[in-house]
Amino acid sequence: MKKSEEDLVQQIKSVFDDYNDGLSDQGWNELRKKFPEKESKKLPIWWLSGIAATLLVVAGLYFYNGSGNEKVILRANNTQKDSSSQKGKADDFKVETDIANAAKPTNTIENNEKVAPTESKDFRNAVQDVNNGLKVLTTEKLIAIQPKPVIASKDKTETLGNGITQGQLKTSTIIDENTIIASAQTNTDQGVKKPIDNNATALEKDAKSNTETKNTKLTTEEFLTEQSKILAANDNTKDIQKNSSSKTTFDVFTGTFFNYHDNNEAKLSAGVGLNANVKVTKNVVLSFGAGISQNKVSYENSVPTEISQAMFASKDNALNSAPVSGMAYSATATNDVSFNGRLLSVDLPMVVKFFPSKKQDFYISTGINSSTYLSQKYTYNYSWSNFGYRNGEAQTQQQTDESSLKGFDFANSAIIAIGINQNLGKNVLIFEPYYRPALSTMGDKNLRISSAGLNLKFNFNGNSKK
Amino acid sequence: MPDNQSLVELIASCKKGDLRQQELLYKQFYGYALGICVRYLGNRDDALEAANDSFIKVFKSINSFNENNDFKPWFRKVLVNTSLDYKRRSMRFSEAVELTDTVQQTTHTSAIDKLNAQDILSLMKQLNEMQRTVFNLYEIDGYSHKEIGSMLNIPESSSRTYLTRAKQALQQLLTTHSIYTK
């Protein structure tokens with residue numbers, strides 16, 4: 001090296017050995033913006049998960065306890081027929097007045113009216129079967145099941161339950177003569193290797209390998225050897241990540257959720273499945289897959305105490321109003337009605353995931369879900385009372401409809417979800433609270449089922465969080 | 001700069017995460033760090049960012065550092081590597097700055113020993129980025145061509161070439177502007 005070069009090097013070393021511009025305070029303030037790192041980065045995940053879980057519990061409790069508002073319509077007719085005068089209908093005695101008053105402020109249903117009040121169409125369909133079942137029972141089977149009325153007329157004995165042919169249980173309607181009816185409504189670098197980003201890691205190794213010697217050159221060699229190894233490993237890893245990031249990734253998921261149907265009690269259900277995620281752009285991923293889930297819905301009505309009392313009062317009234325003993329007396333009441341639907345479905349979700357942040361540690365997704373059904377089971381339970389038999393003791397009846405491998409509902413629900421990614425090594429654990437409002441109906445009974453829940457997804461080779 | 005004993009104590013305190021001691025260490029090595037980074041990056045703002053990143057790396061990994069070892073060489077490596085990372089991220093190696101007429105605007109005294117930091121930086125800026133980096137790595141920071149080749153992902157022979165050209169350019173610059181007399 002020429003002397004001039006040596007002089008230049010020495011001058012550079014001496015000038016830059018302590019390049020203090022007197023702004024160390026400002027520099028420290030700048031550093032403090034990034035250090036120490038706030039440890040709150042992972043907190044939102046747990047916070048959000050906690051919030052999601054809390055919301056689910058609150059929603060569950062709400063739906064569980066929210067079915068107390070019941071509306072009941074009660075109607076009773078007691079017909080006494082004078083066989084001699086053949087007056088029949090003209091002499092019908094209506095007990096309904098008092099009872100109907102007692103049933104206020106619920107719908108008042110006039111005699112012989114077919115009422116289709118405001119309940120939803122889907123449920124109407126579902127419940128129609130209950131009505132049908134009642135009709136069958138009342139016109140054919142009930143007579144066989146139940147003893148004849150206590151009081152029978154000479155010429156003609158009215159059978160029970162003729163009238164349970166019309167109406168909507170939700171709004172409590174079963175109407176005919178001779179019946180008391182009650183129901184309820186509830187209801188970088190070009191040509192240059194990628195950066196040495198892991199100096200922190202290198203530091204650790206470097207520190208360990210930093211020998212006692214003050215020979216900078218030797219230490220440097222050691223350092224560089226280490227660094228080269230790390231660089232090589234780092235580049236390999238990045239290549240793998242690049243490759244895999246361009247590929248489709250898969251995740252398996254399990255979820256628990258609440259189904260709810262109109263204003264009815266929410267049911268806890270569960271599902272499992274597999275998703276494929278296809279990267280469309282840097283921030284957009286198309287996800288589709290298949291899962292099996294069990295959807296349960298439940299509906300239950302019961303008769304309020306005051307209505308029960310009114311029913312019994314109506315019975316007394318009917319008896320007292322009988323002009324003479326031996327007149328026909330019949331009175332029935334439908335008390336409790338419940339409906340349970342259980343659908344084991346294959347769900348086919350298709351969603352678009354959008355990663356708003358650079359780190360891609362969370363996403364917002366929206367899409368649709370279609371379903372086909374492995375099995376469907378609908379159970380109707382109801383009880384009714386005949387005041388002419390065992391003083392109106394409730395008789396329970398059950399009807400079940402089942403089907404399997406039947407039906408396909410395209411886009412029966414929308415999917416709105418937020419996914420929060422948590423790295424687990426190379427894989428990613430995703431917490432995904434979601435809401436799935438019904439877009440159309442599900443199953444044979446056209447149930448409009450919405451759900452809200454939490455999916456726990458395990459993403460293989462996850463690159464959603466960089 | 002703190003003496004060796006007080007530096008050992010300072011580092012021990014930093015290992016405990018004492019923010020005040022970290023600030024003290026920062027301020028004591030601020031000029032040292034900034035001087036190294038500014039040589040590679042050419043301007044104070046970028047140099048400060050790289051220096052701060054280096055400090056953060058040190059604070060994070062200081063538990064793995066043995067106080068019995070010399071702190072400055074270890075810290076220097078961190079600073080150099082962080083500066084190189086910064087250059088790579090900025091993709092500045094792709095720049096090919098040729099010697100231009102701006103050289104004419106450089107004002108200098110007639111002796112090397114009177115060159116101040118700004119003069120040197122102005123001179124260095126006339127060099128190709130790769131030439132400047134290789135010159136810094138080899139002549140100032142003592143890396144070998146083999147090491148430089150590994151760090152910059154270039155052949156060892158290229159490192160030698162860049163160094164030779166850097167020296168020639170510096171000679172030319174100094175001669176042309178009469179800041180150096182043979």
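Which backbone nitrogen does a side-chain oxygen of B:Asp18 reach at the start of H2(B)? The nitrogen is that of B:Arg20, and the oxygen comes to within 2.9 Å of it. The structure described here is a predicted model, in which local features need pLDDT of at least 70 and side-chain atom pairs count only at pLDDT 80 or more, while totals for chains, interfaces and linings use all residues. Residues are numbered from 1 along each chain as its sequence is written, chains are lettered from A and ligands numbered from 1 in the order in which they are written, and side-chain values use heavy atoms, with hydrogens and water left out.

Helices and strands are DSSP runs (H or I, at least four residues, for helices; E, at least two, for strands), numbered from the N terminus. H2(B) covers residues 19-41, 23 residues in total, yet its end C-alpha atoms are only 28 Å apart, short of the 33 Å that a straight helix would reach at 1.5 Å a residue. The expected span used here is 1.5 Å times one less than the number of residues. A kink of about 55° is centred on B:Phe29 in this helix; the bend at a residue is the angle between axes fitted to the seven residues ending there and the seven starting there. Just after H2(B), B:Gly42 has a positive phi of about 85°.

Buried means under 20% relative accessible area, exposed means over 50%, and partly exposed lies in between (1.4 Å probe, protein chains only). At the start of H3(B), a side-chain oxygen of B:Asn43 reaches to within 3.3 Å of the backbone nitrogen of B:Asp45.

Aromatic rings come next. A pair of aromatic rings is described by the distance of the centres and the angle of the planes. Rings of Phe, Tyr and Trp (its six-membered ring) pair if their centres lie within 6.5 Å; planes under 30 degrees apart count as stacked, over 60 as edge-to-face and the rest as tilted. Over all chains, the structure holds 18 aromatic pairs. In one of them, the ring centres of B:Tyr26 and B:Tyr30 lie 5.8 Å apart with planes at 45°, so this pair is tilted. The two tyrosines, B:Tyr26 and B:Tyr30, are four residues apart in helix H2 of chain B and are thus separated by about one helical turn; both are buried. B:Phe65 and B:Trp74 form a stacked pair, with 4.5 Å from centre to centre and 25° between the planes. B:Phe65 is buried, with a relative accessible area of 1%, and B:Trp74 is likewise buried, at 0%. One aromatic cluster takes in residues of chains A and B, among them A:Trp28, A:Phe35, B:Tyr26, B:Phe29, B:Tyr30, B:Phe65 and B:Trp74.

Some backbone details also deserve a look. Most residues other than glycine have a negative phi, and most peptide bonds are trans. The peptide bond from A:Phe35 to A:Pro36, however, is cis, with omega near -10°, and A:Pro36 lies in the loop between helix H2 (24-32) and helix H3 (43-65) of chain A. A:Leu405 has a positive phi near 45°; this residue is in the loop between strand E9 (394-404) and strand E10 (408-424) of chain A and is exposed, at 69% relative accessibility. In chain B, B:Asn153 has a positive phi of about 60°. B:Asn153 sits in the loop between helix H7 (145-152) and helix H8 (156-176) and is partly exposed, at 37% relative accessibility.

Chain A as a whole has eight helices and twelve strands, and 48% of its 466 residues count as buried. In strand E12 (residues 449-460) of this chain lies A:Asn459, which is buried at 4% relative accessibility. The side chain of A:Asn459 makes polar contacts with the side chains of A:Thr249, at 3.5 Å, and A:Asp251, at 3.4 Å. A polar contact is a pair of N or O atoms within 3.5 Å; within protein, one must be able to donate a hydrogen and the other to accept it, and residues adjacent in sequence count only if both atoms are side-chain atoms.
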